[in-house]
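Subject: Handing over the structure, with notes

Dear colleague,

Here is the structure that I promised to pass on to you. Please open it first, and then read the notes below alongside it.

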Amino acid sequence: MNSHNTADLLIIGGGVVGSFFAYHATASGKKVILLERNSAPVGATVRNFGQVVPSGLDETWQPYGLESLEIYHSIQSQFNISVRQQGSIYLASNDDELTLIHELHSINSKTHYRSELWSAAQCYERYPQLRTGYCVGGLFFPQEVSVNPRTMIHQLHKFLAASEHFESRFQTSVRELRTDRGGLVKAMTNSGEELFASRAIVCSGSEFGLLFPERFLASDLKAVKLQMLRLKPQPQSVLPGNILTGLSIRRYESFRQCPSWNAVKAREPRESLEKQWGVHILFKQEADGGIIVGDSHEYASVAEYDRLGFDLSTDINTFMIDEAAKIMNLHSWDVETSWAGIYCQTEHSSGVFTETIGDQIHVVTGIGGKGMTSSAGFTKHYLKRICDD
Ligand SMILES: Cc1cc2nc3c(=O)[nH]c(=O)nc-3n(C[C@H](O)[C@H](O)[C@H](O)COP(=O)(O)OP(=O)(O)OC[C@H]3O[C@@H](n4cnc5c(N)ncnc54)[C@H](O)[C@@H]3O)c2cc1C
């Protein structure tokens, strides 16, 4: 054992969850080694919208989302990690959705989270591309931000690399992790290197096969496959901020607190393509003018993970474009690329999968569809909890 291969904390997985654990641990003076099996993360953390939307979270997670906003701003003020503050809008398309946004607005007023109810006219003024007849009102969250999902995590790694407490090893997969005789955690890498630390946090996302497969198999985790599209850059910047539409109002956790939620859901048709494919329509225009449009959701247990397959369904992509075109009148619908991303989620009420093996190995995954929004805040508190125990 030498100082080169010994740390206070080993973090396995360089996605958003692992990287924000690294951020908080190095900030508190801990020596961290972050291990990522790819040359750079290629998982859910780079395949998403980059919408940082605490407005969509339930009452337990919204505080983590709000703290994440502060953390993103704090890092951005020191180093460009692609944060843009242009707010988020939920566009209601009918009376039921309008009722829900009014109810969420009054819930937010009580919790002092700033939101603004906009008339249809205000929405059309801010988003001239909105199709006539779609929107009956909107709920706007001015504090919310977005990041570029393809670059944010790499910039965060560069930012972390400036800390003397941080070391990263890419193209390094951990294939065994256990408490060693000396009371330290020992990680064995694919190259046969041994690394030691007082603790390890496993943030392996939806990779269930490399470490602790039997625990993941016995867990309630579900893998979720999402399809996304990116439209070629439009001539102008036309869709500022995070744009969430009627189907998102009918899907996001925050709206479940609304008094009319159950009645609205009961009025929905039992069968529809959006239900079958778990589609809701969101837009995120990037700084270069390209627009990310998505997404769909297909689910499988850990045991049935392979059933999700590698295909991109043309039917789903066509349906998403058709639905998006009913909402926005864009200059061009030319698709530049499309992809699938997989995250995992737990049914547990905590909203995240955590398991401690022995006293020193902590598995943290299954943050679901809220990782970009809440990991920065959540990891700060979880790290404190495990270090104080
Ligand atoms: C299409 C899509 C859209 C989304 N949109 C949003 C959004 O707009 N806003 C939002 O808040 N969230 C969004 N999400 C959710 C968000 O992307 C995830 O919650 C988040 O990225 C999960 O991060 P993670 O670090 O847990 O997992 P990952 O990003 O999967 O990272 C895990 C990392 O661990 C590495 N790894 C695994 N095992 C090992 C090992 N043994 N050794 C070394 N390395 C290992 C992997 O290579 C990987 O890089 C979206 C997700 C998808 C798929």
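I begin with the ligand: of the 42 residues around it, Gly15, Gly43, Gly205, Gly341 and Gly371 come nearest, where a residue counts as near if its C-beta atom, placed from the backbone, lies within 6 Å of the molecule. Please keep in mind that this is a predicted model, in which local features need pLDDT of at least 70 and side-chain atom pairs count only at pLDDT 80 or more, while totals for chains, interfaces and linings use all residues. Residues are numbered from 1 along each chain as its sequence is written.

The elements that give two or more residues to the shell around the ligand are H1, strand E13 (222-231), strand E18 (335-345) and H11; helices (H or I, at least four residues) and strands (E, at least two) are DSSP runs, numbered from the N terminus. By class, this shell holds 16 nonpolar, 20 polar and 6 charged residues, where Ala, Val, Leu, Ile, Met, Phe, Trp, Tyr, Cys and Pro count as nonpolar, Asp, Glu, Lys and Arg as charged, and the others, Gly among them, as polar.

The chain is divided into domain 1 (3-45 + 151-217 + 350-388) and domain 2 (88-142 + 222-345), with bounds that come from an automatic or database domain assignment. The C-alpha centres of domain 1 and domain 2 lie 31 Å apart, and 11 residues of domain 1 are in contact with 9 residues of domain 2, contact meaning that the C-beta atoms of two residues, placed from the backbone, lie within 7 Å. The side of domain 1 that touches domain 2 divides into 4 nonpolar, 7 polar and no charged residues.

Next come the helices. Two packed helices are described by the angle between their axes and the distance between the axes; the axes are lines fitted to C-alpha atoms, for helices over the stretch in contact, and angles run from 0 to 180 degrees between N-to-C directions. Angles under 35 degrees count as roughly parallel, over 145 as roughly antiparallel, 65 to 115 as roughly perpendicular and the rest as oblique.

The axes of helix H1 (residues 16-27) and helix H11 (residues 371-388) come within 8 Å and cross at roughly 45 degrees, and H1 and H11 are therefore oblique to each other. The residues of this contact of H1 with H11 divide into 8 nonpolar, 4 polar and 1 charged.

H1 also packs with helix H5 (residues 152-161), at an angle of about 20 degrees and with the axes 11 Å apart, so H1 and H5 are roughly parallel to each other. In this contact, Val16, Ser19, Ala22, Tyr23 and Thr26 of H1 meet Ile153, Leu156, His157 and Leu160 of H5.

For H2 and H11, the angle is about 95 degrees and the axes are 7 Å apart, and these helices are therefore roughly perpendicular to each other.

Finally, two details of the backbone deserve a look. A cis peptide bond, with omega about -10 degrees, joins Gly294 and Asp295, and Asp295 is placed in the loop between strand E16 (291-294) and strand E17 (298-301). Ser82 has a positive phi of about 80 degrees although it is not a glycine, and Ser82 lies in the loop between helix H2 (62-76) and strand E4 (84-85).
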